[in-house]
Amino acid sequence: MWLSDFRIVTPNEVIEHGSLRIEDGCIAELRDTPVAGAELEGNGLLLLPGFVDMHGDMVEREVEPRPNVPMPLELGLRDLDRRLAGSGFTTAYAALSFSPMSTYGHLRSYEHTSAVIRKLKAMRHMLNVDHRVHARFEITFPKALSVIEELITEGTVDLISLTDHTPGQGQYRDIERHVQKMARERGLSREEAAEAIARRIEERTQPAGVLAETLEAISSLCRAHGVALASHDDDTTDKVELMHGLGVVISEFPVTLEAAAEARRRGLATAMGAPNALRGQSYSGNLSAREAHAAGLLDMLASDYHPSAMLPALLELAGTDRDGLPGAVRLATLNPAKALGLDDRGCIETGRLADLVIADDTGIGHVRATLRQGRFIYSGGHLGACAKAA
């Protein structure tokens, strides 16, 4: 199948009137001129690689759209699949947590999270996007170690991140800000919120020896099974040094510029959220993705909690990226594919999977269609030929 007269975004340039041929699910040929008789005419629309998402927090709200109103897992995962495809994602790592004492309660219990992971893996052949599992291991809950070990042994986990949401460090290092946020969101007085946070700190604080054993155990487990390891909410250079020593290859959501710079110095890829980049600020008051990008310290964008923010975020960053649109697009395609060891996707070149996004860049941008391995997995109905080709 030929796609002709698109603005094709490769890793290093934009081919203004390019054409691309798909054969057996892969990119078979690439030209810098239109092709007569093509099955699909782009008329100047963008053609991008399919987005690769290493961290998406959306599963919990799909399987339980309102508190204590659970839906069948199959329904929630199918809805998430459609939402991701409509936002241009062709590969997505569902970020699932094991933290039963968190705000989300039962949704992050060992039993519920394990069930979601197993169901997602069992449904992969039924879904359009290539779904993978990013297990978020809260290091202050060492009891989760045996649960994650079982899942890794089963082959159901593709990425592990080491998280610590104890107030006073990481994402919540500004305790006063955290107190005010909790009071506002839960309708508590400042004193009540401060007491709740103090209890949380006490409950989660682990002896240094126990914490060190837990970190070494999960690191060894990942090495033994070839599972990539990421850190989360790095806030100091010391923490980055510790994470690097454990074998971490990705620093996701660094909360200070100093931590991001240290991660880059040690060869870690840095990842931040597309909503942060689009809005120009972190909702929790931490490092802005735009600031990290301007400093040359941003390697990847993740959907985080809002997948439709990805295309607008890339278009926003393209205006300041040293390589323009190709440089911005790499943040959601080639760079995460490289960091995650996915060498068959992530850019438009011959031999790669035909995972593609057709989009326009008017206004905040709009995904018109998404293809995975040459098959249309989403079409907004704006391209008549797309429906025929699908």
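Me: With which residue does aspartate 130 form a salt bridge, and how far apart are the closest N and O atoms?

Reply: A salt bridge here is a side-chain nitrogen of Lys or Arg within 4 Å of a carboxyl oxygen of Asp or Glu. Aspartate 130 forms one with arginine 132, and the closest N and O atoms of this pair are 3.1 Å apart. Both aspartate 130 and arginine 132 are buried, where buried means under 20% relative accessible area, exposed means over 50%, and partly exposed lies in between (1.4 Å probe, protein chains only). Through shared partners, salt bridges join Arg124, Asp130, Arg132, Asp344 and Arg345 into one network.

Before we go on, please keep in mind that this is a predicted model, in which local features need pLDDT of at least 70 and side-chain atom pairs count only at pLDDT 80 or more, while totals for chains, interfaces and linings use all residues. Residues are numbered from 1 along each chain as its sequence is written, and side-chain values use heavy atoms, with hydrogens and water left out.

Me: How many salt bridges does the count come to, and which parts of the chain does the pair of arginine 136 and aspartate 57 link?

Reply: The count comes to 23 salt bridges. In the pair you name, the side chains of arginine 136 and aspartate 57 meet at 3.4 Å, N to O. This pair links distant parts of the chain, with arginine 136 in strand S8 (residues 130–138) and aspartate 57 in the loop between strand S6 (51–56) and helix H1 (59–63), 79 residues apart. Arginine 136 is buried, with a relative accessible area of 6%, whereas aspartate 57 is partly exposed at 22%.

For another case, look at glutamate 29 and arginine 31, whose side chains meet in a salt bridge of 2.8 Å, N to O. Glutamate 29 has 23% relative accessibility and therefore counts as partly exposed, and arginine 31, at 36%, also counts as partly exposed.

Me: You have named strands and a helix; how many of each does the chain come to?

Reply: Helices (H or I, at least four residues) and strands (E, at least two) are DSSP runs, numbered from the N terminus. The chain comes to 15 helices and 16 strands. Of its 390 residues, 56% are buried.

Me: In helix H4, which residues are buried, and why do they lie on the same side?

Reply: The general idea is that an α-helix has 3.6 residues a turn, so residues three or four places apart point the same way. In H4 (residues 144–154), the buried residues are Ala144, Leu145, Val147, Ile148, Leu151 and Ile152. They lie on the same side of H4 because they cover an arc of only 160° around the axis, the arc being that of the directions from the helix axis to the C-beta atoms. After H4 comes glycine 155, whose phi is positive, near 85°.

Helix H12 (residues 310–318) is mostly covered, with seven of its nine residues buried; among them are Met310, Leu311 and Pro312.

Me: How many cavities of 30 Å³ or more does the structure hold, and which residues line the largest cavity?

Reply: Rolling a probe the size of a water molecule over the atoms shows where empty space is left. On a 1 Å grid over the protein atoms alone, a cavity is a set of points where a 1.4 Å probe fits but cannot get out, while a pocket is an open set with protein on both sides within 12 Å along at least five of seven lines, and lining residues have an atom within 4 Å of a point. The structure holds three cavities of 30 Å³ or more.

The largest cavity has a volume of about 50 Å³, and its lining consists of Gly56, Met58, Val59, Leu80, Leu84, Ala92, Tyr93, Ala94 and His131. Helix H2 (73–86) and strand S7 (89–98) are the elements that give two or more residues to this lining, and S7 gives the most, with three residues.

Me: What volume does the second largest pocket have, and which residues are the closest to its centre?

Reply: The second largest pocket has a volume of about 260 Å³. It is lined by 15 residues, and the closest to its centre are His293, Gly296, Leu298, Asp321 and Arg322. Helix H11 (289–294) and H13 each supply at least two residues of this lining.

Terms used. Points joined across faces, edges and corners; volume = space filled by probe spheres on them.
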